[in-house]
Amino acid sequence: MNNAVAGFSKLSKEEKIQWLSEEYFSNPSEAVTTLKQYWNTDEKLQQLHDEFIENTITNFYLPMGIAPNFLINGKYHSVPMVIEESSVVAAAAKSAKFWSTRGGFKATVLNTEKIGQVHFLFQGDGEKLQAFFNAVKPVLLDSTESITKNMQKRGGGIVSLTLRDKTAELTNYYQLHVTFETKDSMGANFINSCLEQLAKTLKEEAQQYDGFSETEKDITVVMSILSNYVPNCIVRAEVSCKVEDLAEKKIENPQEFAEKFVQAVRIAEIEPFRAVTHNKGIMNGIDAVILATGNDFRAVEAGVHAYASRNGQYSSLSHAKIENGIFTFWMEVPLALGTVGGLTSLHPLVKMALEILGKPSAQELMQIVAVTGLAQNFAALRSLTTTGIQEGHMKMHLNNILNQYQATAEERKVIATHFQNSTVTHASVVELIERLRK
Ligand code: MEV
């Protein structure tokens with residue numbers, strides 16, 4: 001049973017670590033050493049990271065890798081990926097190379113609408129509320145002017161403002177439903193500031209509106225917040241080639257491969273148990289680029305999975321077909337991303353990742369992210385419908401096990417040769433290491 005702690009946030013970083021080590025570890029000094037091992041020796045850089053969040057005790061490393069050779073709309077990209085799972089970067093790179101000799105990826109941003117809502121309660125006549133809204137709409141918009149001024153200069157701002165009556169679903173519940181264009185920023189702060197101002201003005205104007213009874217004047221704002229569901233902020237990524245051109249070393253019969261591949265996608269379209277795993281593979285690619293570029297992967301995850309359920313049943317994000325001898329594989333996903341603001345200018349590695357990508361606009365980043373997701377999905381389905389995924393996975397996993405056992409270069413050589421012709425399992429690797437060390 002551990003003790004509660006008072007005023008933890010007020011302790012210095014050293015004191016926090018001290019408390020934590022004594023509270024949770026049998027060897028406190030070893031715990032302190034491990035935590036401090038990950039501090040950066042450059043104090044300024046460390047302070048930058050300390051201040052991203054609260055109660056920071058150390059840095060948590062994730063590897064950053066590169067998947068090169070992504071040909072997207074005729075231009076080559078090296079894609080930075082941050083992920084802990086082995087095989088993902090290798091799979092992305094393999095897919096990128098495969099498609100680079102088959103026309104590359106095509107990506108198109110279909111729309112870029114962001115959404116926010118003021119959720120409020122109004123007790124009274126809904127028609128009167130609508131008349132009030134129509135009358136004060138210009139006042140509501142004017143009140144956001146100081147917030148929207150800069151965004152308008154960049155070509156963005158509030159695009160539409162409507163009143164939505166939700167009383168059929170929840171008593172007295174209405175919304176201001178607001179759509180935004182936020183250009184190269186993800187726009188969360190901008191949207192939330194606009195919404196909070198709209199909510200304040202709404203409440204004030206209602207108080208002064210002659211057409212309302214005293215009860216009606218008293219609007220209750222429950223909350224004002226952006227939505228991470230962005231079904232009109234969509235990017236499409238696609239690959240296609242003649243079925244016969246799919247042929248390569250592991251695809252001896254391209255027609256059979258294409259048919260099985262399309263079947264695998266159909267299964268994910270109709271079977272939620274498979275769809276979740278299928279889409280998880282897509283998110284392996286999407287999240288890795290989102291993390292590398294300092295975007296909010298939780299927001300994207302939430303929005304993408306809601307979109308995957310938009311027709312009432314969770315389904316595949318990607319689709320495939322064979323028509324007139326042409327194999328086409330594509331996906332449309334909602335991605336609200338930014339290449340300015342947030343971490344993009346703060347985190348040195350995020351800045352580098354964006355530089356590697358050629359300082360993309362938000363729309364270009366949407367295309368790169370969607371393409372990486374599609375590439376990942378292609379790699380997974382190609383393995384699943386041919387050799388199975390364990391072959392590749394276990395080869396990568398082998399390396400992790402060898403690291404865990406701190407295998408020497410000599411041991412690695414012997415083990416690599418051994419597993420060239422036999423199946424890698426955790427037990428078989430450990431057994432061989434132990435045998436070598438006897
Ligand atoms: C593993 O991280 C992802 C896969 O399971 C995706 C899939 O099954 O399509 C390989």
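A polar side-chain atom of Arg 274 lies 2.7 Å from an oxygen atom of the ligand. The protein covers 87% of the 300 Å² of accessible area that the ligand has on its own. Accessible areas come from the Shrake-Rupley method with a 1.4 Å probe, and for residues only the protein chains shown count as cover.

This is a predicted model, in which local features need pLDDT of at least 70 and side-chain atom pairs count only at pLDDT 80 or more, while totals for chains, interfaces and linings use all residues. Residues are numbered from 1 along each chain as its sequence is written, and side-chain values use heavy atoms, with hydrogens and water left out.

**The ligand site.** Which residues are around the ligand? They are Glu 85, Arg 274, Thr 277, His 278, Lys 280, Gly 281, Asn 284, Ala 380 and Leu 384. Each has a heavy atom within 4 Å of the ligand.

| Residue | Distance to an oxygen atom of the ligand |
|---|---|
| Glu 85 | 2.6 Å |
| Arg 274 | 2.7 Å |
| Lys 280 | 2.6 Å |

**The chain as a whole.** The chain has 16 helices and 10 strands. These are DSSP runs, numbered from the N terminus: helices are H or I with at least four residues, strands are E with at least two. The C-alpha atoms fill a box of roughly 90 × 70 × 40 Å along the principal axes. Of the 438 residues, 43% are buried. Buried means under 20% relative accessible area, exposed over 50%, and partly exposed in between (1.4 Å probe, protein chains only). The accessible surface of the chain is about 23000 Å², and carbon and sulfur atoms hold 52% of that.

Contact means heavy atoms within 4.5 Å. Take the contacts between residues at least 6 apart in sequence: 71% of them join residues at least 24 apart.

The chain carries 42 positive and 49 negative charges, and their mean positions are 7 Å apart. Lys and Arg count as positive, Asp and Glu as negative; His and the chain ends are not counted. Each charge is placed at NZ of Lys, CZ of Arg, CG of Asp or CD of Glu.

**His 177.** Another polar contact, of 3.3 Å, joins the side chains of His 177 and Arg 164. A polar contact is a pair of N or O atoms within 3.5 Å; within protein, one must be able to donate a hydrogen and the other to accept it, and residues adjacent in sequence count only if both atoms are side-chain atoms. Beyond its neighbours within four places in sequence, His 177 is in contact with residues including Ile 115, Ser 160 and Thr 162.

**Two loop residues.** Most residues other than glycine have a negative phi. Lys 183 is not a glycine, yet its phi is positive, about 50°. Lys 183 sits in the loop between strand S6 (173–181) and helix H7 (188–208). Lys 183 is partly exposed, with a relative accessible area of 38%. Gln 406 also has a positive phi, of about 45°. Its loop runs between helix H14 (390–404) and helix H15 (409–418). Gln 406 is exposed, at 65% relative accessibility.

**Lys 10.** Where does Lys 10 lie? Lys 10 is in the segment before helix H1 (13–24). Lys 10 is exposed, with a relative accessible area of 72%.
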